[in-house]
Amino acid sequence: MTATMTPQFDQLGALGWQDRALDGLNCVLRCVESVLHFRGLDPLAVARALNGPLDPVGRDLAKDFDGCRVDYRTEFDDGSRNVPFLLERLGAGEPVMVLPDRFHLPGDVYEGRFHFHDHAVLAVDWSSRDGVMTVLDTDADPADGFRRNWTLTPALRALFTWVGTVTVTDAPDHRDPDEYFAERLHRDTALLSVGADALGGLLDELTETGLSAVTARALHVLVLGDIQPQLFIYANALAVAPAPGEPLALPPELAAVRKAALDARVHAKRLGIALIAAHEKPDPFAVYPRVLELGRPLRTALDRLREALVAAGGREGPADPGASARLRARFAQIESTCFPVREEAAP
């Protein structure tokens, strides 16, 4: 593969990405978005391929999409087992997403300390002659095209514990917004209503018990990496942002839903970014209670989105008494998968 034949992180052509890569999408979705653009999808088709049920409880933003699929391979005990697959795919011209084990990532703040998996990069090229892999990384220098070069040493091979490939599963969706919205309105109104209540209960629980180092990080993954993108993608699947000076061509009720979804995602983003900033404070546990207060405007914004969906004709559906337990189980899975707290000495 050559540089002109590989995916890129295109900040100007991306969904969101105004002030930071996590503006709108998470790092996993930036990788998937890049592959979808590489496969020829335009912004609206990308948004609709990334969309799915508006379900804060049950939807996994790492894999549950309407128009594409991510197939993962995990080798948490020894990431080097994934390397042959990775190099074979790159050699065939297929980009591969990597969620590196940060314990083995040179220069990382968690190198030699924790086996955290809370970041994703996209491997796009491999030079067998030089033993160098090129990855796209939202944290890399924009002047370098968000690219990093990893020399595949024996030690580095261990970080490839979690990799995945992206497949487009449906034709690009360019249906009229009214038709697109009507097809999903009742389902998404019911799911959002249940999910908003369950999220409110989880925030109440965490406020009462207080945040630990792990639960604070799991919460930023949930709100910034799951809740925010769901809302942002949903809004853009109705209509991508028009060019400056052009009107938004949506009926009033759809425009109101779109605006409410975007408003709610701003509050999810603020809570997530504030949590990340708090992690780095000298005494984060003194800051977390104030940060959790940002959950209140998020809950209010989700209620307003629910109201907009109902005003557009959506039905909320029956109560779901098991939703809170399912969300808490998802939250526990984020804790155990992304942030296992086994600390080790560097080899």
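Reader: In which helix do Phe285 and Tyr288 both lie, and how many residues apart are they?

Author: In this predicted model, Phe285 and Tyr288 both belong to helix H7 (residues 284–292). They are 3 residues apart, which is about one turn of the helix.

Reader: What kind of aromatic pair do Phe285 and Tyr288 form?

Author: A search of the whole structure finds 10 aromatic pairs. Tyr110 and Phe114 form one that is edge-to-face, at 6.1 Å centre to centre and with 75 degrees between the planes. Phe285 and Tyr288 also form an edge-to-face pair, with 5.8 Å centre to centre and 80 degrees between the planes.

Reader: Is Tyr288 buried or exposed?

Author: Tyr288 is buried, with a relative accessible area of 2%. Phe285 is partly exposed, at 46%.

Reader: And which residues do ring pairs link into a cluster?

Author: The cluster consists of Phe9, Trp17 and Phe146.

Reader: A change of topic: how many salt bridges does the structure hold?

Author: The structure holds 26 salt bridges. In one of them, the side chains of Arg184 and Asp66 meet at 3.2 Å, N to O.

Reader: Which residues are linked with Arg48 in a network of salt bridges?

Author: Arg48 is linked with Asp173, Arg175 and Glu183 in such a network. The charged end of Arg48 also sits over the ring of Tyr180, 4.1 Å from the ring centre. Elsewhere, Arg73 lies over the face of Phe85, at 4.2 Å from the ring centre.

Reader: What about Arg258: where is its place?

Author: Arg258 is in helix H6 (residues 252–279). Arg258 is buried yet has no salt bridge.

Reader: How many Å away is the nearest side chain of opposite charge?

Author: For Arg258, that side chain is Asp263, and the distance is 9.1 Å.

Reader: Which backbone oxygen lies 3.3 Å from a polar atom of the Arg258 side chain?

Author: That oxygen belongs to Ala235. Leaving aside neighbours within four places in sequence, Arg258 is in contact with several residues, including Asn236, Leu238, Val240 and Leu250.

Technical notes: Residues are numbered from 1 along each chain as its sequence is written. This is a predicted model: local features need pLDDT of at least 70, side-chain atom pairs count only at pLDDT 80 or more; totals for chains, interfaces and linings use all residues. Side-chain values use heavy atoms; hydrogens and water are left out. Helices (H or I, at least four residues) and strands (E, at least two) are DSSP runs, numbered from the N terminus. Buried means under 20% relative accessible area, exposed over 50%, partly exposed in between (1.4 Å probe, protein chains only). Lys and Arg count as positive and Asp and Glu as negative; His and the chain ends are not counted. A salt bridge is a side-chain nitrogen of Lys or Arg within 4 Å of a carboxyl oxygen of Asp or Glu. A polar contact is a pair of N or O atoms within 3.5 Å; within protein, one must be able to donate a hydrogen and the other to accept it, and residues adjacent in sequence count only if both atoms are side-chain atoms. Contact means heavy atoms within 4.5 Å. Rings of Phe, Tyr and Trp (its six-membered ring) pair if their centres lie within 6.5 Å; planes under 30 degrees apart count as stacked, over 60 as edge-to-face and the rest as tilted. A charge sits over a ring if NZ of Lys or CZ of Arg is within 6 Å of the ring centre and within 35 degrees of the ring normal.
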